[in-house]
Amino acid sequence: MTKHLDFRIVPTDDGSKSIFHPLYKTLYHSHWGALQESRHIFLQAGLNYFIENSPTLPSSEIRIFEMGFGTGLNALLSLHWAIQNNNVLRYHTIEKYPVPLHVVNDLEYFKLLQDASNSLSQDDLLRYFIQMHQAMIQSLPTVMLHPNFQFFPIHGDILSSTLPSNIDLVFYDAFAPDCQQDLWTEALLLKVYQRMNPNAILVTFCAQGAFKRRLKKVGFHVTSPSGPIGKREITRAIKPPNGF
Ligand SMILES: C[S@@+](CC[C@H](N)C(=O)[O-])C[C@H]1O[C@@H](n2cnc3c(N)ncnc32)[C@H](O)[C@@H]1O
């Protein structure tokens, strides 16, 4: 239970909010802007790159695994993307410390997302966002939020949980290695790699040299795209077509 923990909301420079983790004493996002960071790394360098470059598409759906559901911002952006682009996402995400609903209610991410097609109102976005968090808190196995977006919450610890398989895209969004070293080990990266499809992609904000060497040792092809505001580089790791 995380109800008793003090999850404090903090504004970031692009006007979007983030949370300060009461146990790890760190921010969930870059202070330069939570929304710009998530969009740049996970939507542009992740989802859009995958769609534009995957040799196996078009397939009927894209299976995502997110390490660290946190505020749910990446999940909400992905839902919004799926509906706007008319793609089907199966979104698996793991969280050890779900954020209580009274904090989630104050994040107000739904106000930041414009919908060019007018197919999604802010009320719809808020409802989907709350449903995701409720499903995570209650450890529901799956929720069909929208025909384009199925949500699979895992309320647990990545180190001891069984991870979903046949993953096309990994959003690796753990706290940084200096904060949570045990979430960046070769053994854990191998566990994730083994659940990924050939040609699947892992994206993360972390660009540390030692981390990239571990990814290569596990079998990934590693690249360093440019980062969002405040960060020179990020990491995109691709599982080879013949990866086991
Ligand atoms: C950088 S934050 C994730 C930010 C999130 N993706 C978002 O959009 O808000 C890292 C998350 O990992 C969670 N976490 C920490 N240790 C974990 C573990 N061992 N297993 C699963 N989740 C963990 C934290 O509680 C936190 O929510």
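Helix α1 has a kink of about 35 degrees, centred on leucine 43. Keep in mind that what we are looking at is a predicted model.

Staying with α1, which of its residues are buried? They are Ala34, Leu35, Glu37, Ser38, Arg39, His40, Ile41, Phe42, Ala45, Gly46, Leu47 and Phe50. As a reminder, an α-helix has 3.6 residues a turn, so residues three or four places apart point the same way. The buried residues of α1 pack against β2, which covers 17–20, and against β3, α2, β7, β8 and β10.

Now the sheet. Strands of a sheet pair through backbone hydrogen bonds, in either the parallel or the antiparallel sense. Here we have an open sheet of eight strands with mixed pairing. Reading across, the order is β5-β6-β4-β3-β7-β8-β10-β9. The edges are β5, residues 143–146, and β9, residues 221–223; each has a single partner strand, so one side of each is left without a neighbour in the sheet. On average, neighbouring strands are turned by 20 degrees against each other, direction ignored.

Two helices pack on this sheet. Helix α1, residues 34–53, touches β3, β7, β8 and β10, and its direction makes about 160 degrees with that of β8. Helix α2 touches β3, β4, β5, β6 and β7. The direction of α2 makes about 180 degrees with that of β4.

Let me go through some of the pairings. β3 and β7 run parallel and are joined by four bridges. In that pairing, methionine 67 stands opposite tyrosine 172 in β7.

The bridge partner of leucine 169 is isoleucine 201 in β8. Isoleucine 201 also stands opposite isoleucine 238 in β10. The strands in that second case, β8 at residues 196–204 and β10 at residues 235–238, pair in the antiparallel sense over four bridges.

Last topic, the ligand. How many residues surround the ligand? There are 18, and the closest are Gly68, Gly70, Thr71, Lys96 and Asp173. Among the elements, α2, residues 73–85, and β4, residues 89–95, each supply at least two residues of the shell. By type, the shell divides into eight nonpolar, six polar and four charged residues. Recall that α2 is also a helix that packs on the sheet.

Definitions and conventions
Residues numbered from 1 in each chain as written. Predicted model: local features only at pLDDT ≥ 70, side-chain atom pairs only at ≥ 80, totals over all residues. Near = placed C-beta within 6 Å. Nonpolar A, V, L, I, M, F, W, Y, C, P; charged D, E, K, R; others polar. Pairing = 2+ DSSP bridges. Axes fitted to C-alpha atoms, helices over the stretch in contact; angles between N-to-C directions. Contact = placed C-beta atoms within 7 Å. Bend = angle between axes of the 7 residues up to and from the residue. Buried ≥ 20, exposed ≤ 12 C-beta atoms within 10 Å, placed from the backbone.
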